[in-house]
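Let's go through this one by asking where each label comes from. Have the structure open while you read.

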Amino acid sequence: MIRYSLLCAQEHEFDGWFPSSTGFEAQAASGEVRCPVCGSAEVRKALMAPRLGRGTKKAAKRSEISAVPDPAQKMNMMMLALKKHVEENCDYVGDRFAEEARRIHYGETDRREIYGEATLDEARDLIEEGVEVAPLPIVPPVRAN
Ligand SMILES: [Zn+2]
């Protein structure tokens with residue numbers, strides 16, 4: 001991902017994340033990149049230069065905008081933290097998830113946190129039985145065969 005400082009036709013500054021520099025060009029050309037302040041699709045890359053000789057009003061506006069955490073970046077950090085927590089504290093049970101979750105729920109095995117893979121049908125059945133399950137934004141670890 002590449003982060004660009006962008007400027008709209010009315011000189012509003014904002015940041016955008018793009019998969020690559022060509023990704024930005026393509027999205028800007030098709031009008032997908034819009035100014036969050038005025039909605040203008042006339043967006044160009046801002047020059048990365050010290051802000052010399054600019055009014056303090058613009059500088060203040062700029063810091064207001066960048067003080068808001070980038071939602072995508074925040075989500076990424078939360079997902080990474082969650083993934084780390086789960087991998088460190090939970091047992092990976094792979095595709096036996098539904099079976100293990102049931103055994104824990106009915107007290108047939110030690111109560112512990114697990115994670116693994118379940119089909120949508122399996123997850124729905126578990127929820128109907130009152131088993132607590134939650135989808136996790138997690139890529140299972142690569143296992144050696
Ligand atoms: Zn604007």
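Q: How many bridges join β1 to β2, and in which sense do the two run?

A: Six bridges join them, and they run antiparallel. The strands themselves are DSSP runs of E with at least two residues, helices are runs of H or I with at least four residues, and both are numbered from the N terminus. One place to look is I2, which stands opposite F18 in β2.

Q: What should I know about the model and the numbering?

A: This is a predicted model, so local features need pLDDT of at least 70 and side-chain atom pairs count only at pLDDT 80 or more, while totals for chains, interfaces and linings use all residues. Residues are numbered from 1 along each chain as its sequence is written.

Q: What does the protein chain hold, and in which order do its elements run?

A: There are five helices and five strands. From the N terminus on, they go β-β-α-β-α-α-β-α-β-α.

Q: Why is E11 called exposed?

A: Burial is a count of other C-beta atoms (placed from the backbone) within 10 Å of the residue's own: 20 or more is buried, 12 or fewer is exposed, and in between is partly exposed. E11 has 11 of them, so it is exposed.

Q: What makes β3 a partner of β1?

A: Three bridges join β1 (residues 2-8) to β3, and the two run antiparallel. The cut-off is two, so they pair. In this pairing L7 stands opposite R44 in β3.

Q: Why are β2 and β3 said to stand at the edges?

A: The open sheet has three strands in the order β2-β1-β3, with antiparallel pairing. β2 (13-18) and β3 (43-45) each have a single partner strand, so one side of each is left without a neighbour in the sheet. On average, neighbouring strands here are turned by 45° against each other, direction ignored.

Q: Which helix packs on this sheet, and what does it touch?

A: It's α1 (residues 21-29), touching β1, β2 and β3. A contact here takes two C-beta atoms, placed from the backbone, within 7 Å. The direction of α1 makes about 115° with that of β2, where axes are lines fitted to C-alpha atoms (for helices, over the stretch in contact) and angles between N-to-C directions run from 0 to 180 degrees.

Q: Which residues form the largest nonpolar core?

A: Seven do: L6, C8, F24, A28, V33, C35 and V43. A core takes buried Ala, Val, Leu, Ile, Met, Phe, Trp, Tyr and Cys residues, joined through C-beta atoms within 7 Å. β1 and α1 are the elements that give two or more residues to it.

Q: How do you know that V33 is buried?

A: V33 has 22 C-beta neighbours inside 10 Å, and the threshold is 20, so it counts as buried. V33 is in the loop between α1 and β3. Leaving out residues up to four places away in sequence, V33 touches L6, G16, Q27, A28, A41 and V43.

Q: What makes β4, α4 and β5 a unit?

A: They make a right-handed β-α-β unit: with the strands pointing away from the viewer, the path from the first strand over the helix to the second runs clockwise. β4 and β5 pair in the parallel sense over three bridges, and G94 stands opposite G116 in β5.

Q: Why are the buried residues of α4 said to line one face?

A: In α4 (residues 97-105), F97, A98 and A101 are buried. Seen down the axis, they fall within an arc of 95°, so they line one face of the helix; the arc is that of the directions from the helix axis to the C-beta atoms. Their cover includes β4 (91-94), β5 (114-116) and α5.

Q: Why is α5 said to lie largely in the open?

A: Of its nine residues (120-128), the number buried is zero, so α5 lies largely in the open. Just after α5, G130 takes a positive phi of about 90°.
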